[in-house]
Amino acid sequence: MKDYVKLRTDTKWSNEGSLPQEYVMNDSLHHLLDGVDAIAVQGYDENRQVIYWNKGSEVLYGYTSKEAVGKKLEDLILLEKMKNPVIAGIKNWLNNGVKIPAEELTLRGKDGTKVFVYSNHVMLTNQYNKKQIYCIDINLTDLKNVEAQAEQKEHMLAATFAVIPDLFFLMKVDGTIIDYHASNKINLYVSPEDFIGKSMAEVLPSEVADKFNSNLAKIITQKGVIRFEYELVLPHGITYFEARIIYLADNKQIIAIIRDITEQHQAAESIKMHAYYDTLTLLPNRFLALDRLSQMLNEAERNNGKTAVLFLDLDDFKKVNDSLGHEVGDQLLVESAKRLTKIVRKEDTVGRLGGDEFIILLRGLTDDHNALAVAENLLKSFRNPFEIDSRELILTLSIGIAIYPENGRDTYELLRNADTAMYKAKSLGRNTYSFFTKEMNVNMLRRLEIEQQMRGALERGEFEVYYQPQIDAINKQIIGAEALLRWYNPALGNVTPDEFIPIAEHTGLIIPIGQFVLQQALSFLNFWQKEQAISLRIAVNLSPRQFRDTELLNFIETSLLEANIPANRLELEITEGVLMIGQTYIDDALVRLHKLGVKLSMDDFGTGYSSLSYLRQYAFDILKIDRSFINGITSKKGDCDLVKATIAMAHSLGLKVVAEGVETKAQCEQLNQFGCDYLQGYYFSKPITAKQLLNFFVKF
């Protein structure tokens, strides 16, 4: 609409006489505007006197038309602070053509209340060449009230955020952080500039990120709130958090509220310590130890395994306690607890039952000798004196041993029988151990006989290396053999490896015996290859104790040179028991063997707990599937599927696969279908002497 519009004049204003004739406007326009009460329209002359006041203006400002017409603008609706700027603006428009811009204004009504409007202005010129300003005001009061309420709520929300210590994150469904709030930034893992626009997985440690990712995936498909806990290492220490997340489906966004629960966690841990742990030694108390034993028994039942309970009593502790005082007695108990803990594995449990009685729970035994070895190590560890307050004190142990399932099938029966065996050890003179059953004591005597006869057996030439052929699954050709030790003793007869190897391991005799096996095997391989004019390989087992020999690597390298055997023709079979030791010297030895070119084979795959992680961690070349799985591949779908998957997995890792314990044609054919590389077992040959193997090779 133009600023200046020529209008024809026909009539006067209704309040005739109050305004000069030259200010009269076209009534048709007024009639149109008079009927509008939703929009306020006012007209002013050059002196800012009201010449028009429609119904909308009466509603908005409270003045009737009669009250407003003839009055000046500044005397009606302008606030005091606005008068001078408005008057100056109107004059500038009239004189210089600088139009007043449309804008939001705060004016006042008749009753003095504030009126919020959006005001637009237009200038007209009538036939008397008089300029008139029309103002069109839209009521913004309701909108301002809504805005005020929203602003108040925003202030309330900001104040709430300021007093709540929680962290708030707004994320996309993929975990990308859009916004955040933190009244205290001390618990932020990284600064805001490092996480805005990035996903939780990018800014948090992998273990915590995995928790977030899995729960973010869940919340999208389910209603409600998901909560989980995690911990972070922050500059001020380890901090524990609880996260609660909810999905806003309409916005496709996720809100995460993170609360610091460190104090609650520490309180819970303190309660837990008092409830489950001995306050003096910090070992599991009777309640927790028996609960763990119950879990071990359930695990052993599922795996058809064994668990041992060792009941320990400190000999003559009461005398020391009474003569030297309870403070010395307490120090002895603490130091005893430390010694006991050093002997067992991480997965085992040492607990204090009360007084001078302790309990040790051995998980996942493969045979009774494991419990025996631990008992002997315990007795040995107490042979060194305790140094308490500048005194040297010697304590001994009496140990009772009960084995699941032979000596009991529940926690209390095993504990009772182990206690009974401990008193038997006391009656035997203390500083010893006793198994609960007579049969186990017989086994102990057998073990002592084997150990006695083993000393000197190597010098007497009682050991002999046998060989079991390994066959290529496709062309059925012999590709090598595994070296297996056999022992015949005049007093004991044939002693099985299952009997004498653990004893040799425990006594340390396995080191010279292992050297004997390696030299014999390499010497035979040299002769065998010359005889057949083809490259063959020999597999030799290495035990955990051998890895503790600092000369092991040098001995292997020297033996290869002396036998003139390339390193890649020697395969060293390593059980999971070696890897579970977790010592750096094991890792270093395996790395050096790999660099030397020796083939590394994981033996008895599938019988341990962590074989897959070891395959990823170490540079194995060959995987040997345990005979217990091969035995069932033609009759048990589970074994069949497991062996098939194992072969596929090994091949995907670039490993060759040896199946041991192959005893039937059906097993052989099945393994061939699965793509197994090499076969070993009685179907082809039992372990035989070197001479028999040479004859076998010719006839095969």
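Me: At what angle do the axes of helix 12 (residues 317-324) and helix 13 cross, and within what distance do they come?

Reply: An axis is a line fitted to C-alpha atoms, for helices over the stretch in contact, and the angle, from 0 to 180 degrees, is taken between N-to-C directions. Here the axes of helix 12 and helix 13 come within 6 Å, crossing at roughly 140°, and therefore helix 12 is oblique to helix 13 (under 35 degrees is roughly parallel, over 145 roughly antiparallel, 65 to 115 roughly perpendicular, the rest oblique). The model is predicted, so that local features need pLDDT of at least 70 and side-chain atom pairs count only at pLDDT 80 or more, while totals for chains, interfaces and linings use all residues. Residues are numbered from 1 along each chain as its sequence is written, and side-chain values use heavy atoms, leaving out hydrogens and water.

Me: Which residues of helix 12 and helix 13 meet?

Reply: Contact means heavy atoms within 4.5 Å. From helix 12 come Phe317, Val320, Asn321 and Leu324, and they meet His326, Val328, Gly329, Leu332 and Leu333 of helix 13. Sorted by type, the residues of this contact are 6 nonpolar, 3 polar and no charged.

Me: Where does Asp316 lie, and what is its phi?

Reply: Asp316 sits in the loop between strand 12 (306-314) and helix 12, and its phi is near 60°, a positive value in a residue other than glycine. Asp316 counts as partly exposed at 36% relative accessibility (buried is under 20%, exposed over 50%, partly exposed in between, with a 1.4 Å probe and protein chains only). Lys252, in the loop between strand 10 (237-248) and strand 11 (253-260), also has a positive phi, near 55°, and at 56% relative accessibility Lys252 counts as exposed.

Me: Which residues have the most contacts inside the largest nonpolar core?

Reply: A nonpolar core is a set of buried Ala, Val, Leu, Ile, Met, Phe, Trp, Tyr and Cys residues joined through side-chain atoms within 4.5 Å. The largest nonpolar core here has 82 residues, and Met454, Trp528, Leu570 and Leu671 have the most contacts inside it. Helix 18 (residues 510-532) gives this core its largest share, 9 residues. Leaving out residues up to four places away in sequence, Trp528 touches Ile478, Gly480, Ala481, Leu536, Leu693, Leu694 and Phe697. A second, separate core of 35 residues has among its members Leu283, Leu312, Leu395 and Leu397.

Me: Is Phe555 buried or exposed, and where is its place?

Reply: Phe555 belongs to helix 20 (residues 552-563) and is buried, with a relative accessible area of 17%. When neighbours within four places in sequence are set aside, Phe555 is in contact with Gln515, Leu518 and Gln519.

Me: And Lys346: is it buried or exposed?

Reply: Lys346 is exposed, its relative accessible area being 85%, and it is found in the loop between helix 13 (326-343) and strand 13 (349-354). The C-alpha atoms of Lys346 and Leu362 are separated by 10.0 Å, although these residues are 16 residues apart along the chain.

Me: Which residues does a cis peptide bond join?

Reply: Tyr404 and Pro405 are joined by a cis peptide bond, with omega about 5°, and Pro405 lies in the loop between strand 17 (397-404) and helix 15 (411-427). Helices (H or I, at least four residues) and strands (E, at least two) are DSSP runs, numbered from the N terminus.

Methods
Ala, Val, Leu, Ile, Met, Phe, Trp, Tyr, Cys and Pro count as nonpolar, Asp, Glu, Lys and Arg as charged, and the others, Gly among them, as polar.
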